[in-house]
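Work through the exercises below with the sequence and the model at hand. Try each task before reading its solution.

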Amino acid sequence: MAPLGLQILFESERDPDKENWMVGIMVSVTVVKFVLMGQQCQLSSFAVGLILLEPSFFKYNEQLGKTVVDNVWSLIGRAAPPEYSAKLSYLICNHHREIKHIETVRAYTFGCQYFVEVHIVLQQDMSLDQPHDIGETLEDKLEQLPGVERAFVHVDFDTTHQLEHKSKRPGIF
């Protein structure tokens, strides 16, 4: 760029005011381009250095990668291991003699701990306070377990039913 600017300067008319401006602009542009080129070379050198050093830091990269993968799995709601769900089912089954059936037991990660969802079936002819107390005490018992952040217990009287939370009418959201 500098030789091109000099060529333009030599071929232009010789006005002292314009000549000083033109030389100042050419010098400024040339200095800025050298500075940017130096920074780009430093960044490229840094990148090449990291590539060359990577094999010596491989063991640290592997540990970092494993930690990242473990954290991603815990944040996206991964299901608890089957043996953990089996322990929950045993505890639920033995919680109260009025529990006739366990329809659903779900435990999934929520950060470092689990959310637990339980659907139990009780007798239909119970007064309202009995199922409420059974469900609430079961929630409290589940939340006292190590690793459980929160428990949700749904109490029902029937095992054969339609989806409860879907609208049956079209066009309703």
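The model is predicted: local features need pLDDT of at least 70, side-chain atom pairs count only at pLDDT 80 or more, and totals for chains, interfaces and linings use all residues. Residues are numbered from 1 along each chain as its sequence is written, and side-chain values use heavy atoms, with hydrogens and water left out.

**Exercise 1. Elements of the chain**

Task: State how many helices and strands the protein chain has, and in which order the elements run.

Solution. Start with the rule: helices (H or I, at least four residues) and strands (E, at least two) are DSSP runs, numbered from the N terminus. By this rule the protein chain has 5 helices and 3 strands. Next, read the order from the N terminus, which is α-α-α-α-β-β-α-β. Last, look at burial, where buried means under 20% relative accessible area, exposed over 50%, and partly exposed in between (1.4 Å probe, protein chains only). Of the 173 residues of the protein chain, 20% count as buried.

**Exercise 2. Salt bridges**

Solution. Side chains of opposite charge can pair when their charged atoms come close. The cut-off for a salt bridge is a side-chain nitrogen of Lys or Arg within 4 Å of a carboxyl oxygen of Asp or Glu.

- Step 1: Glu117 and Arg106 form a salt bridge, at 3.7 Å from N to O. Glu117 belongs to strand E2 (residues 113–121) and Arg106 to strand E1 (residues 101–110), so this pair ties together parts that are 11 residues apart in sequence.
- Step 2: Glu143 and Arg150 form a salt bridge, with their closest N and O atoms 2.6 Å apart.

**Exercise 3. Aromatic rings**

Task: Decide how the rings of Phe110 and Phe115 are arranged: stacked, edge-to-face or tilted.

Solution. Rings of Phe, Tyr and Trp (its six-membered ring) pair if their centres lie within 6.5 Å; planes under 30 degrees apart count as stacked, over 60 as edge-to-face and the rest as tilted. The structure holds 4 aromatic pairs. In one of them, the ring centres of Phe110 and Phe115 are 4.3 Å apart and the planes stand at 10 degrees, so the pair is stacked. Phe110 is partly exposed, at 47% relative accessible area, whereas Phe115 is buried, at 17%. Finally, one aromatic cluster is formed by Tyr108, Phe110, Phe115 and Phe152.
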